[in-house]
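Hi there,

Here is the structure I promised to pass on to you. Please open it alongside this note, and then read on for what turned up in it.

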Amino acid sequence: MNGESAAIISPMRWLIALLTLAACERNGKSVDTLDPEPGIALTLAAERVQAIENLRYELSFSIPGATSEPVSGRAVVRFALKDTSRPVVLDFTPGADSPVSLSVGGRPSRFRAVKDHIIIPKEDLSSGENTVEIVFRAGDAPLNRNPDFMYTLFVPARAHLAFPCFDQPDLKARYTLELTIPADWQSVANGTETSREASGNRVRIQYAETQPIPAYLFAFAAGKFQLETAERNGRIYRLFHRETDAKKVARNRDVVFDLHASSLEWLEKYTVIPYPFGKFDFVAIPSFQFGGMEHPGAIFYNASSILLDESATENQMLNRASTIAHETSHMWFGDLVTMRWFNDVWMKEVFANFMAAKIVNPAFPKVNHDLRFLVAHYPAAYAVDRTAGTHPIRQELANLDEAGSLYGAIIYEKAPIVMRQLERILGPDRLRDGLRAYLTQFKFGNATWLDLVRVLDDLTPLDLTAWSRAWVEEAGRPSVRTEVEGPRIAFVQTDPRWTQHIQVLAGTARGLRSIAVDLRNQRTELQTDPPVFVLPTGGGLAYGDFTLDDATRSYLLRHLAELKDPVTRGAAWVTLWEELLDQRVRPSDFFDLALRALPHEDTEQNVQLVLGYVDDAFWRFIRGDARQSLAPKLEETLRSGLDHASSSSLKSTYFSAFRSVVTTPDGVAFLERVWGRQEKIPGLTLAEPDEATIALELAVRSVPAASRILEEQRERFMNPDRKARFEFVTPALSDRQDTRDAWFASLADVKNRRREPWVLEGLRYLNHPLRAPQSDKYLRPALDLLGEIQRTGDIFFPTNWMNATLGGHNTRPAANAVRAFLAQQKDYPIRLRRTILQAADELFRAAEIVSGPNS
Ligand SMILES: [Zn+2]
């Protein structure tokens, strides 16, 4: 198969090859004598998009029922070649020992298979139309094969793990598909079914050619599925599912069809572009990896995110409506117009969320959507953006095999904030008009963020390109300081390139004033009645590192709870927390305020926000001796909140907080009685996972009965998965240091890290603040493992691993261990370095505050 073997290359040729490689890397060009690098490199993608057009795939897969038997496939790839000076490189990483045969124009090719690619020599190709035919065995990795069903999931660049293709988003292609499956299976794909032919216990199904779509959106599912069909406004919608509870299906089906139909109609009106992909099917998949995936014509959902239980809360219904509107929005934003490269993946996600909020929020009038937006986005975005490990929304991405590392709080939490600013700059109507122009100009094609900025820039006198450079292409956030002198208020910004439109709240003798302010200069001044306090974040819009004036700071530390508007209170909490981290508010003052404010806080989202801060302040920013004197008042406040909470979800919020911070003998004894079922909490039902968590919290507090409690809890489990998880975690909580050491040492073996949530739970208890003095010694080996964690784990595992390791520590020696590691690792991968700096930020700050005079 391979025309040239490495064994016959002389050492000298090796050296020359290496030197050439180094030289051409410097020039940023590749030379066709070299094999393409593994993964899908931007350089390869850029060459191919210049050389290849009119791409079409005819794919057939034969899928056996038994997962032990391989899926065989055949691909006919047709394209026009504009540049015949180079070989054509297809992407393909099948399973082990996959036989491949390949012909071009009907003649066998002298192709070479290298890591992740098939190279077709230029001699086999002709300028103009080419037809490449490949017979192969499909790789199973992205096929999600289960005993009774399978489904593909090719995002971000996993199609080539199953079949040979050009696995880059800007080589859109028309796909024709043929599936041969067991006769008692159903199947669904992007295109419409056109024919079906049974033969014995197998059936062959043909699907019509799709519109041009990228490889990551090509999809099919097959297996034992049930089918529900409905018509809405003349369009047929089909739901494929495996739910056995007929009542559950009956309860959900109409609302799920309605939500799709209303989302689709809203989007057709907003974009003035009819739904572009013909038929509309969706599949409810058990334990699907995401909430949903926007394959055109065949959206895949996690079954549990669209088929709700009877007990579903309003919040769950809001989330379902949002998920459906999100995926439907992608049909235009992402599917019709696709990012050119995955560095712009944030765009499609932000637009899908943005549209979903517009579609769904009006149907849930009881929810305070502005507060929901604030609480969901600002604290999480700041948690990364304030750190030395932050990065721009738009990042460089040299190879798609690193695409997973793009995902994180900056994309999910900061980008929506920036998008909301963009709407305020342009106004909703002009933004809509700009988006219409953009979708029309690039439909069935690709565009970058900068293409969109160019379209929108024509609609505003503001320099949108400069705005985008600061907010999207640069890391970090603006620093803004308030200065008050009599009736004059000034906002002083260190770097005025970060322009933003904010809503300032000023408390004056004549009442509250909400003032719109454009921050676009180093100094922005306004006049008002002499203010008692000035909160630049008060309207819930402003993003940045805000330094309050002294009068406002001390006003808020006394009167925050008296602010009427829940959004303003939420914004004030977020702002004071940032001031605490910057050492302008003492943790004990913040803590006092929180305990005074909680009994008056009637908005559940704010209670959750404040309790999260209280937990963090208590364990991280208050010294052990001071904790002891604060604990009785803290526990009394939480118990009182638990007693007076008006809803079961609020009760459970208070109980979780209590369970996490309890330290007094009385409090721990109460928790022990609750676990022992001797004491009930009215209005709160504790399920198996709740009791398990109580048992672990008691154990980490080294109560005398700890080992008996753990043993009894183990026996209480009815659910075998939860029992296995508990057994995995408990050694990390042992009273014996050698047992804890052995548990941690076992994580060096990848086999013991497969169940990532289990590992993280154990790691958090191992490094619990109460155990932190004995856990400093795990920091270095945990850091040493990070590189391997990234290679072997899921995309979020490195960040979660670091957070679980560092989250309980707050001392200078712990901070220094992290700094020493970073100082020694000179050539450490930049993305991992950022991961560490993000996770260590609070540790660094806490170590200064707790060791300093200011605690
Ligand atoms: Zn999405």
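Below are the findings, grouped by the kind of contact or element. Please keep in mind that this is a predicted model.

Aromatic rings

A second pair to look at is F163 with F218. The planes of these two rings are at 80° and their centres are 5.6 Å apart, so the pair counts as edge-to-face. F163 sits in the loop between β9 and β10 (174–182), and F218 in the loop between β13 (202–207) and β14, so the contact ties together parts that are 55 residues apart in sequence. Here too, F163 and F218 are buried. Both rings also belong to a cluster linked by ring pairs, made up of Y57, F61, F92, F136, F154, F163, Y175, F218 and F220.

Charges over rings

The charged end of R639 sits over the ring of F670, 3.7 Å from its centre. R477 lies over the face of Y382, at 4.7 Å from the ring centre.

Salt bridges

R477 and D545 are both buried. They also take part in a network of salt bridges that links R386, R477, D545, D550, R553, E578, E579, D582, R584, D841 and R845.

Across the whole structure, the search finds 74 salt bridges. Among them is E228 with R253, where the closest N and O atoms are 2.6 Å apart. E228 is in strand β15 and R253 in helix α3 (residues 246–271), so the pair joins parts that are 25 residues apart in sequence. Another is between the side chains of D116 and K115, at 3.7 Å from N to O. D116 has 12% relative accessibility and counts as buried, whereas K115 is exposed, with a relative accessible area of 56%.

A helix and a sheet

Helix α15 (residues 604–621) has 18 residues and reaches 25 Å from its first C-alpha to its last, close to the 26 Å expected at 1.5 Å a residue. Of those 18 residues, 13 are buried, so α15 is largely enclosed by the rest of the structure.

Finally, there is an open sheet of three strands in the order β25-β24-β27, with antiparallel pairing. β25 (511–519) and β27 (531–535) stand at the edges with a single partner strand each, so one side of each has no neighbour in the sheet. From one strand to the next, the twist averages 25°. Strand β24 (residues 500–508) pairs with β27 over four bridges, and the bridge partner of A506 in β27 is V534.

Best wishes

Conventions: Residues are numbered from 1 along each chain as its sequence is written. This is a predicted model: local features need pLDDT of at least 70, side-chain atom pairs count only at pLDDT 80 or more; totals for chains, interfaces and linings use all residues. Side-chain values use heavy atoms; hydrogens and water are left out. Rings of Phe, Tyr and Trp (its six-membered ring) pair if their centres lie within 6.5 Å; planes under 30 degrees apart count as stacked, over 60 as edge-to-face and the rest as tilted. Helices (H or I, at least four residues) and strands (E, at least two) are DSSP runs, numbered from the N terminus. Buried means under 20% relative accessible area, exposed over 50%, partly exposed in between (1.4 Å probe, protein chains only). A charge sits over a ring if NZ of Lys or CZ of Arg is within 6 Å of the ring centre and within 35 degrees of the ring normal. The expected span of a helix is 1.5 Å times one less than its number of residues. A salt bridge is a side-chain nitrogen of Lys or Arg within 4 Å of a carboxyl oxygen of Asp or Glu. Two strands pair if DSSP finds at least two bridges between them. Axes are lines fitted to C-alpha atoms, for helices over the stretch in contact, and angles run from 0 to 180 degrees between N-to-C directions.
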